[in-house]
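This report describes selected local features of one protein model. Please consult the sequence and the structure shown here alongside the text.

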Amino acid sequence: MLKTRFTEMFGVDHPIAQGGMQWVGRAGLVSAVANAGGLGFITALTQPTPNDLVKEIERCRAQTNKPFGVNLTILPAINPPPYAEYRAAIIDSGIKIVETAGNKPQDHVDEFKKHGIKVIHKCTSVRHALSAERMGVDAISIDGFECAGHPGEDDVPGLILIPAAADKVKIPMIASGGFGDGRGLAAALALGADGVNMGTRFMATKESPIHENVKQQMVQNDERATDLIFRTMRNTSRVARNAISQQVVELERQGAKFEDVRELVAGVRGKVVYETGDPDHGIWSAGMIQGLIHDVPSCEELIHRMVADAEAIIQKRLGGMIVH
């Protein structure tokens, strides 16, 4: 067993979290992660309404008696969702752990803390991590440039970002972006993190609610099979490389604005990818860790294998290098 500040704070067996993922963070996956001793998060905004979120939380509770949380991502939107209503649904459901991400969540953090809820805030830079710490969050998830989704605009990979944050952040911190096996877990702990947060790796598991074709595509893809879109709009997003992402990159090269690519990047099209299994139908999220994904295990197999491998690396490989 690996005991860290993260496992102790959140009452889980292993220092592994499955962070919020649009269309993917549903009860089946989250309960499987929880039952395997990790910390899973239901993605609030995947649910069409706050009431649907309440039902999804109940579904998850019916499948596990272990701790799990809810992710609430606050992003700029043309028609923003009713965040306060989703927040109320989380609080009223008795959830005790929340992952926040996106724009300054001070109002949400204050409200969650009032109800005794622990908050992990996801950031992409040391300065944002320190700002979240001042805001009163309980833990940080620090997201390196390798990650799927929004890596920020600083382009700092985990090898530098994690220890840079560990030097300054006092509260528990987990590392995100580029993690998928025991080597990564051991490395994150060595760099000063208290655990790892994984998104892409959990997409390629038996319990992940996406089409088998997409899982197999991730197994086939290597570490180069991602694209950075919206770079020119300073809203960079790392996605799986496919016909659509390549088109968007080319249009941006030609000076396209968001309006010009809006139809191509519509979230609904990405949702169809996960449902029908056509990897080229729309934009879908995946990180560079695809290069280290070689199978589609159950969440239990994945988590137990990672922890066993990390322990072996720490005790045998690294321990064996010390000469007295």
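## Helix H6 and its surroundings

The buried residues of H6 pack against helix H5 (106-114), strand E5 (118-123), strand E6 (139-143) and H7. Contact here means heavy atoms within 4.5 Å, and the elements are DSSP runs numbered from the N terminus, with helices (H or I) of at least four residues and strands (E) of at least two. Helix H6 itself covers residues 126-135, and its buried residues are Val 126, Ala 129, Ser 131, Ala 132, Glu 133 and Met 135. Buried denotes under 20% relative accessible area and exposed over 50%, with partly exposed in between (1.4 Å probe, protein chains only). Gly 136 follows H6 and has a positive phi, near 100°.

The model is predicted: local features need pLDDT of at least 70, side-chain atom pairs count only at pLDDT 80 or more, and totals for chains, interfaces and linings use all residues. Residues are numbered from 1 along each chain as its sequence is written, and side-chain values use heavy atoms, with hydrogens and water left out.

In helix H8 (residues 182-190), the buried residues are Gly 182, Gly 184, Leu 185, Ala 186 and Ala 188. Their cover includes strands E1 (16-18), E7 (173-176) and E8 (196-198), together with helices H7 (158-168) and H14 (299-318). Just after H8, Gly 192 adopts a positive phi of about 115°.

H7 and H8 each contribute at least two residues to the lining of the second largest pocket. On a 1 Å grid over the protein atoms alone, a pocket is an open set of points where a 1.4 Å probe fits, with protein on both sides within 12 Å along at least five of seven lines; lining residues have an atom within 4 Å of a point. The volume of this pocket is about 160 Å³, taken as the space filled by probe spheres set on the points, which are joined across faces, edges and corners. Its lining consists of Glu 146, Gly 158, Leu 159, Ile 162, Gly 177, Gly 178, Phe 179, Gly 184, Ala 187, Ala 188 and Leu 191. By class, six of these residues are nonpolar, four polar and one charged. In this scheme Ala, Val, Leu, Ile, Met, Phe, Trp, Tyr, Cys and Pro are nonpolar, Asp, Glu, Lys and Arg are charged, and the others, Gly among them, are polar.

## Cysteines

A disulfide is counted for a pair of cysteine sulfur atoms within 2.5 Å, and the count by this rule is zero. Cys 123 is in no disulfide, and the nearest cysteine sulfur, that of Cys 147, is 12 Å away. Cys 123 is buried, at 3% relative accessibility. For Cys 299, the closest cysteine sulfur is in Cys 60, at 11 Å, which is too far for a bond. Cys 299 is likewise buried, at 0% relative accessibility.

## Thr 4

Thr 4 is in the segment before helix H1 (5-10) and is buried, at 13% relative accessibility. Not counting residues up to four places away in sequence, Thr 4 touches Pro 15, Leu 189 and Asp 194. A polar atom of the Thr 4 side chain lies 3.1 Å from the backbone nitrogen of Phe 6.

## The loop between E9 and E10

Phe 230 lies in the loop between strand E9 (226-229) and strand E10 (237-240), and Arg 234 lies in the loop between E9 and E10 as well. Phe 230 has a positive phi near 60°, and the phi of Arg 234 is positive, near 55°. Phe 230 is buried, with a relative accessible area of 11%, whereas Arg 234 is exposed, at 61%.

Note on methods:
A polar contact is a pair of N or O atoms within 3.5 Å; within protein, one must be able to donate a hydrogen and the other to accept it, and residues adjacent in sequence count only if both atoms are side-chain atoms.
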